[in-house]
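Biologist: I'm new to this one. Can you put it up and walk me through it?

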Amino acid sequence: MFLVANVAVSYGYVISTLAPTVTAATSLGPPLMLPLLIFGGFFLKTTSVPVYFVWLKYVSWFMYGFEALIINQWKDYGPIACGNNNSTTTRCVPNGDEAIKFLGFKEDNMLLDIYCLLALLVGFRIISFLFLLRRAYKEQ
């Protein structure tokens, strides 16, 4: 969660150095962040993302943080009681490992998620530094 928060702050740095005014930054931030949230795994399973939007999930810190939290919660979780639901339309997930697979994540990606969050953190900060540097040269 610490990494996700820091990547979000780094995204804020990019938006604040990209936008010329505070009003422009507040109107630019949410529309650019919404696709990252939608394709990050909260609202759509990562396996159901259309091919032409698949690149969005790889730049979304939501996806990496969500996958890491799902793995942390469900890995090696024992049997899950399904209750007395006789309906054939609902799917019963028998254990935590199946829950991870059902959501479209892989158990082995925990370390990869952490590395990708670190890369996004550094990448966003470098991009914001470059935008700030460009603005400083324009004002001279």
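**Salt bridge, core and rings**

Modeller: The side chains of Glu-98 and Lys-101 meet in a salt bridge, at 3.9 Å from N to O. A salt bridge here is a side-chain nitrogen of Lys or Arg within 4 Å of a carboxyl oxygen of Asp or Glu. This is a predicted model, so local features need pLDDT of at least 70 and side-chain atom pairs count only at pLDDT 80 or more, while totals for chains, interfaces and linings use all residues. Residues are numbered from 1 along each chain as its sequence is written, and side-chain values use heavy atoms, with hydrogens and water left out.

Biologist: How many salt bridges does that rule give?

Modeller: The count comes to one salt bridge.

Biologist: How far apart are Glu-98 and Lys-101 in helix 5?

Modeller: They are three residues apart in helix 5 (residues 96-102), so about one helical turn separates them. Helices are DSSP runs of H or I with at least four residues, numbered from the N terminus.

Biologist: Let's go inside. Which residues touch the most other members of the largest nonpolar core?

Modeller: Val-7, Trp-61, Tyr-64, Leu-117, Leu-120 and Phe-124 do, in a core of 21 residues. Helix 1 (2-18), helix 2, helix 4 (61-74) and helix 6 (110-138) each give two or more residues to this core. Helix 1 supplies the largest share, six residues. A nonpolar core is a set of buried Ala, Val, Leu, Ile, Met, Phe, Trp, Tyr and Cys residues joined through side-chain atoms within 4.5 Å.

Biologist: What is Leu-120 in contact with?

Modeller: Leaving aside neighbours within four places in sequence, Leu-120 is in contact with Val-7, Val-59, Ser-60, Trp-61 and Tyr-64. Contact means heavy atoms within 4.5 Å.

Biologist: How many aromatic pairs are there?

Modeller: A search of the whole structure finds eight. One of them is Tyr-11 with Trp-61, a tilted pair at 5.1 Å centre to centre and 45° between the planes. Tyr-11 is in helix 1 and Trp-61 in helix 4, 50 residues apart, so the pair links distant parts of the chain. Rings of Phe, Tyr and Trp (its six-membered ring) pair if their centres lie within 6.5 Å; planes under 30 degrees apart are stacked, over 60 edge-to-face, and the rest tilted.

Biologist: Are Tyr-11 and Trp-61 buried or exposed?

Modeller: Both Tyr-11 and Trp-61 are buried. Ring pairs also link them with Phe-62 and Phe-124 into a cluster.

Biologist: Now the loops. What is the phi of Asp-76?

Modeller: Near 60°, a positive value in a residue other than glycine. Most residues other than glycine have a negative phi. Asp-76 sits in the loop between helix 4 and helix 5, and is exposed at 61% relative accessible area.

Biologist: And where is Asn-109?

Modeller: Asn-109 is in the loop between helix 5 and helix 6. This residue counts as buried, at 18% relative accessibility. Beyond its neighbours within four places in sequence, Asn-109 is in contact with Glu-67 and Ile-71.

Biologist: Last one. Where does Ala-24 lie?

Modeller: Ala-24 lies in helix 2 (residues 22-38). At 23% relative accessibility, Ala-24 counts as partly exposed.

Definitions and conventions: Buried < 20%, exposed > 50% of the residue type's maximum accessible area, 1.4 Å probe, protein only.
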